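Please look at the model first.

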Amino acid sequence: MADGYVKIEVIEIYPEYKKTSLPELSCYEELEDYGDAIGHFIQWPLSSIKLSNIEATHHIPTMIQPAHENTCYSPEFEDVTEQYQIHDNHQIDMTMVENVSDEFLFGPHDVSTEHDVDGSEELDMMFSEPVEQTQASTMSKEQKRIQEALWNIEHLRPKSIKSLAERLRKHYGGETSIQLKCPTGMYPTTDSSHSYDYVEYEGVLQFLANGLLDASFIHLCQMFLYNHMRSKKENAKGKTRVAYFNTQYITGKECEKNLASVKEHLVEVYKLHKDKKYFLALFFYGGHWVLFILSPSDRKSWILDSVSIRAEKNKNHYPLTKAIETTFGSQFTWKIAKCMQQDGSWECGYLVIRNMFNFVLEKQYDFPKKIWNDTRDVTKAEIDELVKNIMTRFFREVFNDTTKK
């Protein structure tokens with residue numbers, strides 16, 4: 001998010017403006033005109049937003065004037081091909097990671113003995129030498145995002161989160177990403193691109209900085225969870241009944257431009273895991289993360305969207321629903337779950353991860369009898385606890401780092 005901007009969802013555009021081009025700061029790839037932005041999240045200058053009727057439109061910012069002189073950050077992690085063009089990386093075999101306990105998400109995590117970074121002077125050295133203010137215009141988009149994330153961690157995050165960033169710095173060796181081998185059996189082996197993925201160091205920083213999460217980090221959490229449930233094989237309630245679609249193959253952009261390939265992936269995963277009851281799709285569209293829970297055998301699907309209440313969404317807001325219905329049949333029943341909501345513009349990825357773990361570790365065995373019924377706004381304390389729990393296991397599984405100091 002550029003300085004001075006906020007994240008908004010475009011609900012409605014006057015017809016006479018639908019073909020008007022979006023200002024450069026708010027358009028990216030699939031979004032060119034104001035009409036294209038309907039149902040999407042875009043960034044918009046705070047100075048150009050007002051509430052035309054606070055009582056009636058408390059959640060719908062009204063756009064009143066463009067700001068063409070600015071440039072915007074275009075989300076780039078939707079492009080799957082870019083995920084496989086990274087040359088400097090550290091390789092980890094995800095098929096060999098240590099089992100994760102059921103406390104991965106919800107269990108107690110004692111951070112009282114962690115090293116607190118007073119002032120966090122070393123954070124600015126994590127990826128490069130400090131950049132002078134006069135050199136800001138020569139920085140790449142990636143460098144700018146990294147510097148912004150580091151600043152946010154140092155100045156806005158609690159000491160326990162700063163200590164996690166310091167631990168990450170100690171493991172950083174100059175690579176831009178960590179190469180991961182996908183767990184055997186998670187995806188079909190017909191396509192070699194399913195065998196490896198990359199987790200960007202920038203993506204980990206954004207997770208620590210309360211940023212918009214990228215697909216590589218979201219996918220890492222999926223792989224951790226898949227490995228954990230596979231290692232357990234069976235518990236008191238039985239075997240896991242969950243399989244996963246690869247989030248990077250089913251994005252909104254892919255659904256709109258390469259529907260056939262999305263449907264092919266859905267079919268391949270379903271055939272591979274025909275014994276599973278539920279299929280999870282972590283879906284990214286218009287700068288926003290949503291969790292789909294599919295039951296193809298029952299022709300039912302549940303959508304967990306952290307802005308669904310304020311935006312009054314239904315299945316037609318998501319291009320993935322078309323891919324699902326044209327793949328498994330149109331007689332699907334769709335339900336918008338009463339799940340926890342977000343108060344800001346960045347929490348959606350954290351809630352998708354939280355809901356995914358909540359479902360797989362707890363709810364799947366009694367679902368849909370045991371369903372969400374909590375529409376309050378998630379708190380920062382709850383998100384911080386999620387970050388600490390997941391990062392603790394991240395260090396253990398990726399770097400074999402079990403220290404707390």
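Arg169 is partly exposed because its relative accessibility is 22% (buried means under 20%, exposed over 50%, partly exposed in between; 1.4 Å probe, protein chains only). Glu166 counts as buried, at 4%. The two form a salt bridge, with the closest N and O atoms 3.0 Å apart (Lys or Arg side-chain nitrogen within 4 Å of an Asp or Glu carboxyl oxygen). Both lie in helix H2, residues 159-171, 3 residues apart.

The model is predicted: local features need pLDDT of at least 70, side-chain atom pairs 80 or more, while totals for chains, interfaces and linings use all residues. Numbering runs from 1 along each chain as its sequence is written, and side-chain values use heavy atoms, without hydrogens or water.

## Other salt bridges

The whole structure holds 13 salt bridges. Glu385 pairs with Lys388 at 3.8 Å, both in helix H10. Glu385 is partly exposed at 28%; Lys388 is buried at 13%. Shared partners join Asp374, Arg376 and Glu382 into one network.

## H9 against H10

Helix H9 (residues 348-363) packs on H10 (residues 380-399) at about 65 degrees, with axes 11 Å apart. They therefore count as roughly perpendicular (65 to 115 degrees). Tyr350, Ile353, Arg354 and Phe357 in H9 meet Ile383, Leu386, Val387 and Ile390 in H10 (heavy atoms within 4.5 Å). By class, that contact has 7 nonpolar, no polar and 1 charged residues.

Note on methods. Axes fitted to C-alpha atoms, helices over the stretch in contact; angles between N-to-C directions. Helix = DSSP H or I, 4+ residues; strand = E, 2+ residues; numbered from the N terminus. Parallel < 35°, antiparallel > 145°, perpendicular 65-115°, else oblique. Nonpolar A, V, L, I, M, F, W, Y, C, P; charged D, E, K, R; others polar.
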